[in-house]
Amino acid sequence: MTRILLQLAAVLISPLLFSGCASITSGKTQSLTLESVCGGDPVDGAQCELTNSKGRWIVKTPGSVAVHKAYGDLNISCTKEGFGAAGGTFESSANGGAWGNIIAGGVVGYFIDAGSGAGFNYPETMTIVFDPPCGESTADDVASTN
C-alpha cells in the first residue's frame, strides 16, 4: 500500500517539478502597446518591426501586438516616410512566476520558464522616438514661415 501511495505521489508531483510556474500563471505571450513620437508629438502610422529570439511581428503606431515572451531583448525598428528610421531595444525582466520558482527551489521550473520565455516580461508600453526634423517640409511650409 505504501508503495502505491509513493507512486501516486510521484505522478502527482512530477508535473510541478518539470513545468515552470510562470508558464502556468502568466503564459508565453504578452500584449504590448507601441507608440512613436517626434519632438514630443505623436507620429501616427509608423511601420514597426519587433523581433526577439521567439519571432517577428509587424505593427503600425499607435498599436498593440501580442508577442512571444523571451529571456532576451526585444528589438524594435520603425520607419515612416518623412521621418526616416528609429528604433530601440527593450530588455525583458523576470516576472513573479520566475522569482517564485527560485524561492521555492524549483530550479528545473526556472530553467523551463527561461527557455519558454514565460518567466519574463517586457514593458507594457514602449515608445519609439524619431529624431527631428519631424516630417517633410514642403515649399508651402517654408513660404508660410517667412
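## Close-up views of a predicted model

**View 1. Here is the 1 salt bridge that the structure holds.** A salt bridge is counted when a side-chain nitrogen of Lys or Arg lies within 4 Å of a carboxyl oxygen of Asp or Glu. The partners are Glu49 and Arg56, and their closest N and O atoms are 2.4 Å apart.

A word on the model before going on: it is predicted, so local features need a pLDDT of at least 70 and side-chain atom pairs count only at pLDDT 80 or more, whereas totals for chains, interfaces and linings use all residues. Residues are numbered from 1 along each chain as its sequence is written, and side-chain values use heavy atoms, with hydrogens and water left out.

**View 2. The whole chain contains 5 helices and 10 strands.** Both kinds of element are DSSP runs numbered from the N terminus: helices are H or I with at least four residues, and strands are E with at least two. Of the 146 residues in the protein, 32% are buried. Contact here means heavy atoms within 4.5 Å. Among the contacts with a separation of 6 or more, 68% come from residues 24 or more positions apart.

**View 3. Four strands make an open sheet in the order β4-β3-β6-β7.** The pairing in this sheet is antiparallel, and two strands are said to pair if DSSP finds at least two bridges between them. Strands of a sheet pair through backbone hydrogen bonds, either parallel or antiparallel. Which strands sit at the edges? They are β4 (55-60) and β7 (84-90), each pairing on one side only.

**View 4. Strand β6 is joined to β3 by 5 bridges and to β7 by 7 bridges.** Strand β3 spans residues 47-52 and β6 spans residues 74-80. Look for Gln47, which stands opposite Thr79 in β6. On the β7 side, Asn75 has Thr89 as its bridge partner. Leaving aside neighbours within four places in sequence, Gly88 is in contact with Leu74, Asn75, Ile76 and Ile128.

**View 5. The structure holds 2 disulfides.** A disulfide is a covalent bond between the sulfur atoms of two cysteines; the cut-off used here is a pair of cysteine sulfur atoms within 2.5 Å. Cys38 and Cys134 form one of them, with sulfur atoms 1.9 Å apart. This pair links distant parts of the chain, 96 residues apart: Cys38 is in strand β1 (residues 29-38), and Cys134 is in the loop between β10 (125-130) and α5 (139-145). The torsion about their S-S bond is about -85°, so this disulfide is left-handed. Cys38 is buried, at 2% relative accessible area, but Cys134 is partly exposed, at 38%.

Cys48 and Cys78 also form a disulfide, with sulfur atoms 2.0 Å apart. Cys48 lies in strand β3 and Cys78 in strand β6, so the pair ties together parts 30 residues apart in sequence. Here the angle about the S-S bond is 110°, a right-handed link, and both Cys48 and Cys78 are buried. Counting bonded cysteines along the chain gives the pattern 1-4, 2-3.

**View 6. The largest nonpolar core has 22 residues.** Such a core is a set of buried Ala, Val, Leu, Ile, Met, Phe, Trp, Tyr and Cys residues joined through side-chain atoms within 4.5 Å. Leu34, Cys48, Leu50, Leu74, Ile76, Met126 and Phe130 touch the most other members. Strands β1, β3, β4, β5 (63-68), β6, β7 and β10 each supply at least two residues.

**View 7. Two cis peptide bonds can be seen, from Thr61 to Pro62 and from Pro132 to Pro133.** Omega is near -15° at the bond from Thr61 to Pro62, and Pro62 sits in the loop between β4 and β5. For Pro132 to Pro133, omega is near 10°; Pro133 belongs to the loop between β10 and α5.

Note on methods: Buried means under 20% relative accessible area, exposed over 50%, partly exposed in between (1.4 Å probe, protein chains only).
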